[in-house]
Amino acid sequence: MSSDNTTQTSRRAFVTLAGAGGIAGLSGCVGFGGNGDGGDGGSNGGDGTDGETGGNDTPDTITFGQPASLSGQWDFLQPGISQATDAAVNHVNEAGGPLDAELEVARRDTAVDPQEARTVATQLVENDDVAAIIGLFSSEINPLWDFLQDLSTPVVTPWPGSTFLDTRGGDKGTPEDMSDDEWVWRTVVGDTVHTSGSAAFAIEEGLDTLGVINGTTEGERSYVDGFVSAYEANGGSVAERVEVELGASSYQSALSRLFEADFDAFLMSLPQESAITALSDWSDGGYGRQPILSDTLTSQAVIDQVGSDLNGAWGATPGQSGPNYDTFEEIYSEAGDADINAWTPPAWDAVQVTALAIERAGEATPEAIQQNLGPVSSGEGTEVSTFAEGKEALANGEAINYQGAATPVNFTQHGNVFGTVSINTAQDGEFTQTSEVSAADVREFVEEGQY
Amino acid sequence: MGLLQNIIFGVITGSYIAIAAIGFTLIYGIVNMINFAYGEYLTLGAFIGFFAATTFPLPLPVAVLVAMAGGGVVSLVLARAFFTPINQTGPVPLLLTSIGLGIALRNAIRLVAGREARYYDTATTTFRFDSIPDLSVGSVDLLGGFFVTSEQLIVVGSAVTVFVAIHGLLTRTDVGIAMRAMGDDESLARVRGIDTQLIRDSVWVLAGILAGLSGVLLAIQTNVNATTGFSQILQILSAAILGGAGSPYGAILGAYLIGIVLALSTAFLPSGMSGLSSAIAFGILILVLLVKPSGIAGTEVREA
């Protein structure tokens, strides 16, 4: 029989300590992101190659690192990115590989957690000896910015939309001068671009006043800030904005507050699971009005769970129709059955352009890749759609300009790309593309040098 | 919408919290431990109910009963495996063990079930009462039209049923009376011939049943994933402590207070602060504990 002589400690003190400690501890578990403010982040990680053959400095293998969302709230997007990455790597290898070496991918899960991402990035560079990193989300890059600069390994990522990166990253238009370089490049259009396209479309549709409901994380705030900035710059006005905590059992109070205001449409920017709860509450409450969804919410799961009340809702996503989308789609579809999402073609582009940078550089060091990402993607040169074409052109001594699957991949001085913006509308149980805003139109909303 | 509608929202949120908080506080009052793994009990209940509803498939009410039974069994097995062997070590080792167990369970669920969210297939009917007249005081409308959904009514109805059942159990049955006796003084209960280990086991089963019910109700409103219960544990813990840890009646009061404060702070805080509703609720928890450290119910179950 158990004894109960275990209550020598003051019960009151115990309750107070346990309660306060538990709340503090669990609050930490819930996570507010890491500060990631530095540390030396390790060395530059070697040259990303293994097993040099003989005296010609040609490696046997070259490894790209991929921090991945294999778990966490964005894991539903990862299968397409993994498939696109693997398909691109196979395609590069079938074309002979960069520097005639075998290209490999080391993939590690970060769960889109900044602290985990810091550990994974360090492991990829220190243990896996990668030449470049193909991945990382806004929520990981932004708090780890200084760390990633100290890591001194190119991060070529299909994920981040954050406006934080609008003027950060790239080679500043001076590939030979690395003193002003920042080690992040993105092959997906930033939030500034597609929120501008989305805001422009809303104004065109006569939706002049807006209500906003968004989560409190960096990604959601960034998306909404970008949208609202472009929306207000074009004559729209925001009637009410409500921020909500994620993972709540109900969003009725927030919706009730939001819909007391007078507006034409409401913008929702939440992670998918919270958004489904909120949109189901919206449907149950019969609040009506025009829903505008953030890019990640134009997914089948959302429309499946919310149902027909969502008909007519639309959201803008980075366009999936770069100059060579068809080439990508054909190879991708043979590699597996994962759905294509807005970040899938950019993942293909990230591998292609980084492999071409190695091919042009003649070596697979992080510095060489950093210096050649700009030259193979923008400016004058033979336009190539794949690594195979680029390798051949480079062998002929030609300058090249990679034209991608998602966008033309003409990196700006800050390592960003422009592209079309797709408007996807919920109709009859699925999202279909109903309109498109051209890259040229979107450029008008973005100030020169600010992206 | 007015104050009345937001109070209704708060009552609904409070009902979710209250069912789980009763189980949580019973464990505290009788087993004398704060069980941080309790959120995972909710998650397991949600999964059991989901698989019962989709695999066999059973009607939802039957799946709820399966989840409650499964929750009771899981709770007892986990208690026997991890907590009963260290009963004598005191509340702090039990607390730390429960934190570790919670982390292990959460990750085990994620490994086995994946991170993908699953959804119960339910239909909801909305009932509107738009003819209620406004009663404005300043900028706040105290009454006004409101709506409730069938789902919300089921949650509140389930909570009320649980309250009545728990009250009946604690006041009208031998097991319930033995639980109260053991909560007051375990040694005295033992010398009076109460099998305290049996009562502990009964509490674990009861807490598991409540976790199973709460998990399914929560999952119907949101989804089933590895963090379904964990995301609610702070509110459950706060409701239990706010009401007076160890007191089921206090936990009910605490749960509704937290639910209503969450709803009202979301509705009436300035725009830039609307995301801080949980912080406001916890601020009230701290305030109450400073003024009345034993919680709202104000009765210590067992003298330390």
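In the predicted model, A:Asp100 forms a salt bridge with A:Lys391, with the closest N and O atoms 3.1 Å apart; a salt bridge is here a side-chain nitrogen of Lys or Arg within 4 Å of a carboxyl oxygen of Asp or Glu. Because A:Asp100 lies in the loop between helix 2 (78–94) and strand 3 (102–109) of chain A and A:Lys391 in helix 14 (residues 387–395) of chain A, the pair ties together parts that are 291 residues apart in sequence. Helices (H or I, at least four residues) and strands (E, at least two) are DSSP runs, numbered from the N terminus. A:Asp100 is exposed at a relative accessible area of 59%, whereas A:Lys391 is buried at 13%; buried means under 20% relative accessible area, exposed over 50%, and partly exposed in between (1.4 Å probe, protein chains only).

A:Lys391 also forms a salt bridge with A:Glu359, the closest N and O atoms being 3.3 Å apart. A:Glu359 lies in helix 12 (residues 344–361) of chain A and A:Lys391 in helix 14 of chain A, so this pair ties together parts 32 residues apart in sequence. A:Glu359 is buried, with a relative accessible area of 16%.

A further salt bridge joins A:Asp128 to A:Arg108, with 2.8 Å between the closest N and O atoms. This pair links distant parts of the chain, 20 residues apart: A:Asp128 is in the loop between helix 3 (114–126) and strand 4 (132–133) of chain A, and A:Arg108 is in strand 3 of chain A. A:Arg108 is partly exposed, at 27% relative accessibility. Over all chains, the search of the whole structure finds 14 salt bridges.

A:Glu204, A:Glu205, A:Asp441 and A:Glu444 form a negative surface patch. For such patches, residues have over 30% relative accessible area and no salt bridge, and like charges are joined within 9 Å (nonpolar side chains within 5 Å); Asp and Glu count as negative. A:Asp441 is located in helix 15 (residues 439–443) of chain A and is partly exposed, at 37% relative accessibility.

In chain B, helix 10 (residues 248–268) has 21 residues and should span 30 Å at 1.5 Å a residue, which agrees with the 30 Å between its end C-alpha atoms; the expected span is 1.5 Å times one less than the number of residues. Helix 10 of chain B is mostly covered, with 15 of its 21 residues buried.

Residues are numbered from 1 along each chain as its sequence is written, and chains are lettered from A and ligands numbered from 1 in the order in which they are written. For this predicted model, local features need pLDDT of at least 70 and side-chain atom pairs count only at pLDDT 80 or more, while totals for chains, interfaces and linings use all residues; side-chain values use heavy atoms, with hydrogens and water left out.

Definitions and conventions
Areas by Shrake-Rupley, 256 points an atom, 1.4 Å probe, with all protein chains shown as cover. Charge placed at Lys NZ, Arg CZ, Asp CG, Glu CD.
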